[in-house]
Amino acid sequence: MVGESGCGKSTLAHSILRLIRPDSGSARYRGRDILSLNRTELLEMRRKMQIVFQDPYSSLAPHMTAEKLIGDPLRVHGCRSEASIREMVVKLLCEVGLDADCLHRFPHEFSGGQRQRIGIARALILNPEFVVCDEPVSALDVSVRAQVLNLMRSLQISKKLTYLFISHDLSVVKHISDRIAVMYMGKIVELADKWRLYANPAHPYTKGLLGAIPSLQGRRRGGISLSGDAPDAYQRPSGCCFRNRCPAAELVCKIEEPELKDVGHGHMAACHLQGPRGDESVPSAAMV
Ligand code: SF4
């Protein structure tokens, strides 16, 4: 899931896990509406659904050791044997690239990358199926981002995990995703297989995000240049909410809100210039 800061990505993630309660709507996991679960059912569901938070500094309680931080979800879910908890914590520490010496250390004694590894271990200790990764590398130094991303990719494969990986950066998402949803002002404006989306983005906003990725030569990769800010969420414009930033906007964009529709091969986009009435490309005059 990709989009600029403030577009609603984290709100969506927290709603899915019921860390916040949305005013309306539903969130279904394997057909069950998470928002209607009672306390016991929610606890059981949380075994299967976990989260890695953005900021490894604030998401770990500073007075708890690594052993306590990683093992606590097991205690919450009824594991009473401290020996087995320790055994599982040590095993997981190794899997995330830390060693058993770390057991008794506190968060401030770790680097940012190591702290995020602890956050990942904590999320995985209950053997979940589905993990929401809420901008897990954006607070890390560039030098350790690739290491943590590679770790997450290998854990995804070895543990057969499904991730909802959230980022504001399309270049980060590329390395870990199969399918990408692009969000703008709380709505999905494009959804496609990764290769299709990078090769042939359909929505002008996606083109703008791609255009913001610097190339090795220091130039933008084409696409369009995003300018201006998203409108106030409480004062949504009529029609398409991207129209005040869209170089291809037409009159219809002011009147009608575009629906998310299939523009070919399961590639979904919410833009009037796509699909049956569009020509499947933004006019070149609009390009920068
Ligand atoms: Fe731009 Fe119109 Fe498409 Fe919205 S619907 S993205 S304003 S062309």
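Four bridges join strand S3 to strand S4, and the two run parallel. Strands are DSSP runs of E with at least two residues, helices are runs of H or I with at least four, and both are numbered from the N terminus. Two strands pair if DSSP finds at least two bridges between them. Residues are numbered from 1 along each chain as its sequence is written. The model is predicted, so local features need pLDDT of at least 70 and side-chain atom pairs count only at pLDDT 80 or more, while totals for chains, interfaces and linings use all residues; side-chain values use heavy atoms, with hydrogens and water left out.

The sheet comes first. Strands S3, S4 and S5 form an open sheet in the order S3-S4-S5, with parallel pairing. Strand S3 (49-52) and strand S5 (162-166) are at the edges with a single partner strand each, so one side of each has no neighbour in the sheet. On average, neighbouring strands here are turned by 20 degrees against each other, direction ignored. Strand S4 (residues 130-134) pairs with S5 through five bridges, again in the parallel sense.

Helix H1 (residues 9-16) touches S3, S4 and S5, and its direction makes about 150 degrees with that of S4. Helix H2 (residues 39-48) touches S3 and S4, its direction making about 60 degrees with that of S3. These axes are lines fitted to C-alpha atoms, for helices over the stretch in contact, and the angles run from 0 to 180 degrees between N-to-C directions.

How do the side chains of a strand share its two sides? In a regular strand the side chains alternate between the two faces of the sheet. In S3, Met49 and Ile51 point one way while Gln50 and Val52 point the other way, and all are buried. Buried means under 20% relative accessible area, exposed means over 50%, and partly exposed lies in between, with a 1.4 Å probe and protein chains only.

The protein chain is divided into domain 1 (9-177) and domain 2 (194-269), with bounds that come from an automatic or database domain assignment. Their C-alpha centres lie 31 Å apart. Five residues of domain 1 are in contact (heavy atoms within 4.5 Å) with eight residues of domain 2.

The largest nonpolar core has 61 residues, and Ile120 and Leu170 have the most contacts inside it. Both domain 1 and domain 2 give residues to this core, so it lies between them. A nonpolar core is a set of buried Ala, Val, Leu, Ile, Met, Phe, Trp, Tyr and Cys residues joined through side-chain atoms within 4.5 Å. Leaving aside neighbours within four places in sequence, Leu170 is in contact with residues including Val2, Ile180, Leu197 and Tyr198. Another core, of 18 residues, lies apart from the largest one, and Cys7, Ile16, Leu17 and Ile34 are among its members.

Helix H9 (residues 204-211) is mostly covered, with eight of its eight residues buried. Among them are Pro204, Lys207 and Gly211. The cover includes helix H7 (170-173), strand S6 (179-184), strand S7 (187-193) and helix H8 (194-199).

Some single residues also deserve a look. Gln156, in helix H6 (residues 142-158), counts as buried at 10% relative accessibility. The side chains of Gln156 and Arg153 are joined by a polar contact of 2.5 Å. Such a contact is a pair of N or O atoms within 3.5 Å; within protein, one must be able to donate a hydrogen and the other to accept it, and residues adjacent in sequence count only if both atoms are side-chain atoms. Not counting residues up to four places away in sequence, Gln156 touches Leu161, Tyr163 and Ile176.

Pro231 sits in the loop between H9 and helix H10 (251-255) and counts as buried at 18% relative accessibility. Arg30, in the loop between strand S1 (28-29) and strand S2 (32-33), is exposed, with a relative accessible area of 66%. The phi of Arg30 is near 50 degrees, a positive value in a residue other than glycine. His265 also has a positive phi, of about 60 degrees, although it is not a glycine.
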